[in-house]
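Hi,

Here is the structure I promised to pass on. Have a look at it first, and then read on for my notes.

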Amino acid sequence: MNYVPVAVVTGATRGIGRAIASLLSRKGLACVLIGSSAESVRRVRVGEQLHFTHPFQKHRALAIDLARWPEWTGESRFWGVDFSGGETAGAVAGEAREGSFRLFPGPREQLWETPGAHYFVSLLVNCAGVSQHSLSVRTGPAQIQRIMNLNFASCVSLSNLAAKQMLHTVRQRVPPQHCVAPYVSPCIVNISSVLGAPQMAIPGTTVYAASKAALSQYTRVLTQEVTSWGVRAACLEPGLVSGTDMTNELGADAQRQLVDGLIGLPTQTPEDVAAAVWQVYAGENAREDMQ
Ligand code: NDP
């Protein structure tokens with residue numbers, strides 16, 4: 001039996017999440033990507049966000065509007081696209097099948113029924129996020145709700161769903177020698193922001209910064225709750241990440257203000273953040289692997 005770790009990555013259609021999905025799929029993980037709509041999910045491409053490195057690797061892209069929290073938490077199946085590689089490792093050509101799919105497997109179910117393969121949930125990366133475009137007094141209720149639902153509340157619900165799957169993974173006792181990628185204990189990685197740090201106070205980021213501060217603190221406490229189960233939780237707090245739609249939408253003035261506010265902090269690329277996620281997840285295995 002071949003044991004295949006599964007990573008769930010939100011915000012994987014663009015920007016940082018896209019770079020994370022690309023790296024994880026190149027490392028041999030089966031990936032479940034989440035985007036906000038059918039339109040964005042249909043833009044997911046094998047050879048860009050997704051790669052195939054072994055014959056048991058599968059991927060899935062699901063349309064879930066995470067700003068519709070808590071409504072989406074009551075749904076068990078979502079519209080999406082399932083990707084299968086070719087017969088040989090490294091094959092780019094493959095099958096893409098549209099349908100209604102589960103995000104996490106139900107009891108006694110697998111995400112994919114593939115002879116000779118067993119899939120287990122090993123990593124959740126909460127990366128989807130939305131920024132703020134005005135001062136607090138000009139930020140209306142709908143925008144506040146959107147920021148909090150996407151940047152914080154959905155991350156909590158996904159962490160809860162994933163933690164239950166991960167507990168099951170730990171109890172299954174995956175034999176590391178039969179794992180197609182380095183076997184490590186399951187992990188939740190939340191992408192917060194340096195703007196959530198207590199010493200950062202940049203005008204125009206009030207609600208966004210509060211949502212990220214909440215996510216960082218949530219992750220710190222969650223770590224204490226899940227460690228005894230053999231599950232890890234960690235938070236990354238990048239500074240300005242260049243080249244993503246979120247950064248580009250800020251406009252030149254806001255970007256300058258941010259760079260001034262983040263003085264001394266280097267600008268990162270989406271690939272830098274993806275490498276940091278891999279470092280957190282793979283730990284000791286990551287060093288030799290990234291060389
Ligand atoms: P982008 O704007 O480039 O990408 C945002 C991603 O989130 C897209 O995949 C988008 O999907 C998804 N998303 C947006 N709204 C929803 C929704 N309602 N439901 C589901 N998915 C949604 O952002 P970045 O890549 O720049 O940022 C990624 C994360 O990193 C965010 O959490 C951000 O706060 C954080 N961050 C970013 C920094 C930066 O400088 N860029 C710095 C520090 C942290 P779709 O394509 O479907 O819209």
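A word on naming before the notes: helices (H or I, at least four residues) and strands (E, at least two) are DSSP runs, numbered from the N terminus. With that in place, α5 gives the most to the shell around the ligand, namely three residues. The elements that give two or more residues to this shell are α1 (15-26), α3 (141-172), α4 (206-226) and α5 (245-249).

Please keep in mind that this is a predicted model, where local features need pLDDT of at least 70 and side-chain atom pairs count only at pLDDT 80 or more, while totals for chains, interfaces and linings use all residues. Residues are numbered from 1 along each chain as its sequence is written, and side-chain values use heavy atoms, with hydrogens and water left out.

Now to the ligand. There are 31 residues around the ligand (a heavy atom within 4 Å), and Thr-13, Ser-36, Ser-40, Tyr-208 and Thr-244 come nearest. By class, the shell has 14 nonpolar, 12 polar and five charged residues; here Ala, Val, Leu, Ile, Met, Phe, Trp, Tyr, Cys and Pro count as nonpolar, Asp, Glu, Lys and Arg as charged, and the others, Gly among them, as polar.

For Arg-14, a side-chain N or O atom is 2.7 Å from an oxygen atom of the ligand, and for Ile-16 a backbone N or O atom is 2.8 Å from a ligand oxygen atom.

Arg-14 also turns up elsewhere: its side chain meets that of Asp-245 in a salt bridge (2.7 Å, N to O). Asp-245 lies in helix α5 and Arg-14 in the loop between β1 (2-10) and α1, so the pair ties together parts that are 231 residues apart in sequence. The structure holds eight salt bridges (a side-chain nitrogen of Lys or Arg within 4 Å of a carboxyl oxygen of Asp or Glu).

Two backbone details are worth a look too. Trp-69 and Pro-70 are joined by a cis peptide bond, with omega about 5°, and Pro-70 lies in the loop between β3 (58-63) and β4 (77-84).  Arg-108, in the loop between β5 (95-102) and β6 (117-126), has a positive phi near 55° although this residue is not glycine.

Best wishes

Technical notes
A polar contact is a pair of N or O atoms within 3.5 Å; within protein, one must be able to donate a hydrogen and the other to accept it, and residues adjacent in sequence count only if both atoms are side-chain atoms.
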